[in-house]
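Okay, thanks for coming, everyone. I'd like to walk you through one model today, so let me put it on the screen.

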Amino acid sequence: MDLHIHELLDNTNGLSNADMLNYQLEKFHEILAKYANKKGQKIVFIHGKGDGVLRKSIEQELRTRYKQYYYQDASFREYGFGATMVTIK
């Protein structure tokens with residue numbers, strides 16, 4: 001799931017950085033909710049490397065709200081530095 005804002009929205013005019021981050025996190029939560037009952041399902045979230053704001057936010061959510069899920073950096077060969085793989089437990 002590509003969480004780059006330009007992949008999620010056609011137009012970001014008028015949106016603050018906080019608005020865009022919140023939208024990206026909403027999509028993150030939607031996907032995890034969609035697959036919550038699929039044990040063993042692996043989901044790759046592409047967040048990019050940038051300043052790491054989205055990545056840190058995703059990791060914080062995984063550490064606090066989704067403690068039961070396993071996560072790690074996704075394959076560097078496939079995604080570079082900017083992706084996290086979550087496994088539904």
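Predicted model: local features only at pLDDT ≥ 70, side-chain atom pairs only at ≥ 80, totals over all residues.

Numbering starts from 1 along each chain as its sequence is written, and side-chain values use heavy atoms, with hydrogens and water left out.

Let's start with the core. By nonpolar core I mean a set of buried Ala, Val, Leu, Ile, Met, Phe, Trp, Tyr and Cys residues joined through side-chain atoms within 4.5 Å. Buried, here, is under 20% relative accessible area, exposed is over 50%, and partly exposed is in between, with a 1.4 Å probe and protein chains only. The largest such core has 19 residues, and L3, F28, L32, F45, I58 and L62 have the most contacts inside it. At least two residues each come from α1 (5-8), α2 (17-34), β1 (42-46) and α3 (53-64). The largest share is from α2, with 6 residues. Those element names are DSSP runs numbered from the N terminus: helices are H or I, at least four residues, and strands are E, at least two. As a general point, nonpolar side chains in soluble globular proteins tend to be buried together.

Now α2 itself. This helix has 18 residues and reaches 26 Å from first C-alpha to last, close to the 26 Å expected at 1.5 Å a residue; the expected span is 1.5 Å times one less than the number of residues. Its buried residues are M20, L21, Q24, L25, F28, H29, I31 and L32, and they pack against α1, β1, α3 and β3 (83-87).

Then α3: 12 residues, reaching 17 Å, close to the 16 Å expected. Buried in α3 are L54, S57, I58, E59, E61 and L62, and what covers them includes α2, β2 (70-73) and β3. Which residues does L62 contact, leaving aside neighbours within four places in sequence? They are F28, L32, K67, Y71, T84 and V86, where contact means heavy atoms within 4.5 Å.

On to the pocket. On a 1 Å grid over the protein atoms alone, a pocket is an open set of points where a 1.4 Å probe fits, with protein on both sides within 12 Å along at least five of seven lines, and lining residues have an atom within 4 Å of a point. Of its 16 lining residues, L21, Q24, H47, V53 and L54 are the closest to the centre. α2 gives the most to the lining, with 5 residues. By class, the lining has 6 nonpolar, 7 polar and 3 charged residues. For the classes, Ala, Val, Leu, Ile, Met, Phe, Trp, Tyr, Cys and Pro count as nonpolar, Asp, Glu, Lys and Arg as charged, and the others, Gly among them, as polar.

T87 lies in strand β3 and is buried, at 7% relative accessible area. T87 touches G40, Q41, K42, Y69 and Y70, not counting residues up to four places away.

I88 is in the segment after β3, and counts as buried because its relative accessibility is 1%. Beyond four places in sequence, its contacts include L32, K38 and Y69.

K38 and K89 are 51 residues apart in sequence and 8.1 Å apart, C-alpha to C-alpha.
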